[in-house]
Amino acid sequence: MITLEGLKVRAKEIPTEQLASAWKTLSVEPFPNVKAFQLEDSDFERIIKRRKCWGDVRRELMEWGRVLTVRGTDACIFNADEFPDTDYVILIRASPYHGFTQILKHELRHIARGDL
């Protein structure tokens, strides 16, 4: 169980080794302090509805040309205010529409480009 946005949710933590391996395909910079979790779809949707902000809307418009619905979102990344010694948190829905590795690299690419 983890707490996000004041809600306790069950989450499967993605191993750091898996994150670091994906990072190495994207950047030569040192791997940042990132945690990633996979959440049940209903929990993912509750969290992302609470987290949605203008920056997310702007990024979705730039990436996808439209604002995505919560149901159409596979993952999100944000600054890790709720986790000590962590800079970023990635949340991935349990039943994503795209491949897991593709999603993970997409979210890590945001860090590598400095989008956050």
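1. Helices (H or I, at least four residues) and strands (E, at least two) are taken here as DSSP runs, numbered from the N terminus. The model is predicted, so local features need pLDDT of at least 70 and side-chain atom pairs count only at pLDDT 80 or more, while totals for chains, interfaces and linings use all residues. Residues are numbered from 1 along each chain as its sequence is written, and side-chain values use heavy atoms, with hydrogens and water left out.

2. Overall fold. The protein has 4 helices and 6 strands. Their order along the sequence is β-β-β-α-β-α-α-β-β-α. The radius of gyration is 13 Å, close to the 13 Å from the globule rule for 116 residues, so the protein is as compact as a globular protein of that length. That radius is taken over C-alpha atoms, and the rule is 2.2 Å times the number of residues to the power 0.38. Along the principal axes, the C-alpha atoms fill a box of roughly 35 × 35 × 25 Å.

3. Burial and contacts. Buried means under 20% relative accessible area, exposed over 50%, and partly exposed in between (1.4 Å probe, protein chains only). Of the 116 residues, 42% count as buried. Contact means heavy atoms within 4.5 Å. Among contacts between residues at least 6 apart in sequence, 63% join residues at least 24 apart. The accessible surface comes to about 6,800 Å², and 49% of it belongs to carbon and sulfur atoms. Areas come from the Shrake-Rupley method with a 1.4 Å probe.

4. Helix α2. This helix spans residues 41–51, and its buried residues are Asp43, Phe44, Glu45, Ile47 and Ile48. These pack against β1 (2–4), β2 (7–9), β4 (34–39), β5 and β6 (88–93). An α-helix has 3.6 residues a turn, so residues three or four places apart point the same way.

5. Beyond four places in sequence, Glu45 touches Val70, Arg71 and Arg93. Arg46 also belongs to α2. Arg46 is partly exposed, at 38% relative accessible area. With residues up to four places away set aside, Arg46 touches Leu7, Lys8 and Val9.

6. His110. This residue lies in helix α4. His110 counts as buried, at 2% relative accessibility. Leaving aside neighbours within four places in sequence, His110 contacts Arg59, Glu63, Ile77, Asp115 and Leu116. From Arg10, 100 residues away along the chain, the C-alpha separation is 25 Å.

7. Largest pocket. A pocket is an open set of points on a 1 Å grid over the protein atoms alone, where a 1.4 Å probe fits, with protein on both sides within 12 Å along at least five of seven lines; lining residues have an atom within 4 Å of a point. The largest pocket has a volume of about 470 Å³. Volume is the space filled by probe spheres set on the points, which are joined across faces, edges and corners.

8. Pocket lining. The largest pocket is lined by 22 residues, of which Trp64, Leu68, Ala75, His106 and Glu107 lie nearest its centre. At least two lining residues come from each of α3 (54–64), β5 (75–79) and α4 (100–113). By class, the lining has 7 nonpolar, 7 polar and 8 charged residues. Nonpolar covers Ala, Val, Leu, Ile, Met, Phe, Trp, Tyr, Cys and Pro; charged covers Asp, Glu, Lys and Arg; the others, Gly among them, are polar.
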